[in-house]
Amino acid sequence: MSNTGAGIVVIGSGSAAPTTLLNNDQLSQVVETSDEWIATRTGIRARRLVGPEGSLSAIASQAAQQAITMAGLTAQDIDLIVLATSTPDDLFGTAGKIQGEIGATRAVAFDLTAACSGFVFGLVTVAQFLRTGVYRNAVLIGADVLSRWVDWSDRGTCVLFGDGAGAVVLQRTEERDRLLGFELCSDGSLNHTLNLAYQGTAHPLTSDVTISQGQYQPITMNGREIYRFAVAKVPEVISKSLFRAQLTVEDLDWLLLHQANQRIMDAVAQRLKLPPEKVLSNLAKYGNTSAASIPLALDEAVREGKVKAGDKIAIAGFGAGLNWGAAIIEWGLV
Ligand code: ACO
């Protein structure tokens with residue numbers, strides 16, 4: 001391992017979604033809602049759900065394997081695996097299981113939690129390991145199974161979420177750095193607006209030692225607050241990232257936002273004065289898949305031939321924390 005790293009380039013992508021599909025009409029048998037309400041307020045038409053036999057690691061491994069293949073590498077070439085997730089199969093972490101499943105025996109693997117900003121935070125984290133020359137090839141996975149944690153009787157939240165996984169391979173390059181600029185932010189004063197919180201009750205062990213035992217509670221969200229936050233902060237963080245990259249909005253080929261709500265995506269694009277045809281969206285098919293949503297949409301756009309080598313993409317995530325962040329990348333090697 002030399003210390004001569006200069007930059008990073010994203011050279012492969014992959015994605016996987018569970019086969020079980022729940023469309024809005026089916027969901028209206030679960031809660032009082034309608035396809036019309038969900039589609040007009042959010043743009044979502046269906047979502048994929050992991051069943052009792054499925055796991056986060058299974059879809060994440062599939063996505064990672066696809067990304068490695070597209071990159072023209074083998075699992076043995078991978079030095080680092082970072083799994084961005086808030087819904088691990090195991091609270092001790094699931095990246096290690098994925099490392100074993102794909103046979104990346106040389107790789108160190110760990111989880112990173114930043115909710116719906118997880119992929120962007122993960123991208124910047126992985127880039128540091130590559131830029132410093134510590135590692136050459138890394139897999140970044142964004143994967144979530146929020147269906148496990150949604151209150152399926154709360155129509156205000158259950159209509160929004162779905163399960164999925166996406167992955168990219170990042171490689172150190174001695175040429176130009178294709179992570180052109182980034183900006184990450186947190187505001188803990190708004191932490192209470194979106195939670196998947198642990199709740200415990202007192203459990204005395206001895207006469208003077210009491211611990212807490214309990215479990216995680218379903219997702220709670222102040223939808224309006226999150227909406228306002230996203231529409232205000234996301235254009236700002238993209239503009240800052242563009243400034244760092246010494247680029248302007250006109251230089252962008254694509255805008256790829258966390259797929260939470262079509263109205264948020266439209267409003268952000270409008271504020272940035274980006275035409276709708278530059279906005280990548282597959283939210284209608286998958287709903288909000290949290291850390292998976294960006295790489296899931298990216299992989300689809302790459303495989304459809306929309307995103308081509310040399311394209312400049314503004315990527316932005318936002319969500320629980322509250323965290324938000326953006327990165328400007330140039331896709332692939334030209
Ligand atoms: N079907 C039918 N009616 C509904 C539903 C539903 N699924 N959900 C709420 N309603 C009703 C409400 O009860 C309310 O009725 P009332 O006026 O009689 O009280 C009415 O619709 C309006 O409810 P609001 O919650 O005010 O609806 P709003 O227009 O704000 O839309 C939504 C809600 C879609 C959640 C919106 O606030 C939003 O998208 N916020 C952003 C949320 C988000 O993106 N979260 C994820 C980002 S972070 C992350 O990814 C983890």
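Predicted model: local features only at pLDDT ≥ 70, side-chain atom pairs only at ≥ 80, totals over all residues.
Q: Which residues come nearest to the ligand?
A: Thr33, Arg41, Cys116, Asn261 and Asn288 come nearest, out of 22 residues around the ligand.

Q: How far is the side chain of Asn261 from an oxygen atom of the ligand?
A: An N or O atom in the Asn261 side chain lies 2.5 Å from a ligand oxygen atom. For Asn288, the corresponding side-chain N or O atom is 2.6 Å from an oxygen atom of the ligand.

Q: And what about Arg155?
A: Arg155 has a polar side-chain atom 2.9 Å from an oxygen atom of the ligand.

Q: Turning to the helices, how do helix 7 and helix 8 cross?
A: Helix 7 spans residues 223-244 and helix 8 spans residues 262-272; their axes come within 9 Å and cross at roughly 40 degrees. Helix 7 is therefore oblique to helix 8. The crossing of these two helices is right-handed.

Q: Which residues of helix 7 and helix 8 meet there?
A: From helix 7, the residues are Tyr227, Ala230, Val231, Ala232, Val234, Pro235, Ile238 and Ser239. On the helix 8 side they meet Arg263, Ile264, Ala267, Val268, Arg271 and Leu272. By class, the contact of helix 7 with helix 8 comprises 11 nonpolar residues, one polar and two charged.

Q: What is the arrangement of helix 3 and helix 4?
A: The axes of helix 3 (residues 56-70) and helix 4 (residues 95-102) come within 9 Å, crossing at roughly 55 degrees. These two helices are therefore oblique to each other. Helix 3 passes helix 4 in a right-handed crossing.

Q: Which residues make that contact?
A: Helix 3 contributes Ser57, Ala58, Ala60, Ser61, Ala64, Gln65 and Ile68, while helix 4 contributes Lys97, Ile98, Glu101 and Ile102. The residues of this contact divide into six nonpolar, three polar and two charged.

Q: Now the backbone: where is the cis peptide bond at Leu322?
A: The cis bond joins Gly321 and Leu322, with omega about -10 degrees. Leu322 belongs to the loop between strand 14 (312-319) and strand 15 (323-330).

Q: What is the phi of Ala115?
A: Ala115 has a positive phi of about 50 degrees, although it is not a glycine. Ala115 sits in the loop between strand 5 (108-112) and helix 5 (118-131).

Q: Why single out such backbone features?
A: Most peptide bonds are trans, and most residues other than glycine have a negative phi.

How values were computed
Residues numbered from 1 in each chain as written. Heavy atoms only, no water. Axes fitted to C-alpha atoms, helices over the stretch in contact; angles between N-to-C directions. Helix = DSSP H or I, 4+ residues; strand = E, 2+ residues; numbered from the N terminus. Parallel < 35°, antiparallel > 145°, perpendicular 65-115°, else oblique. Left-handed = near helix turned anticlockwise from the far one by under 90°. Contact = heavy atoms within 4.5 Å. Nonpolar A, V, L, I, M, F, W, Y, C, P; charged D, E, K, R; others polar. Near = heavy atom within 4 Å. Polar contact = N/O pair within 3.5 Å; in protein donor to acceptor, adjacent residues only side chain to side chain.
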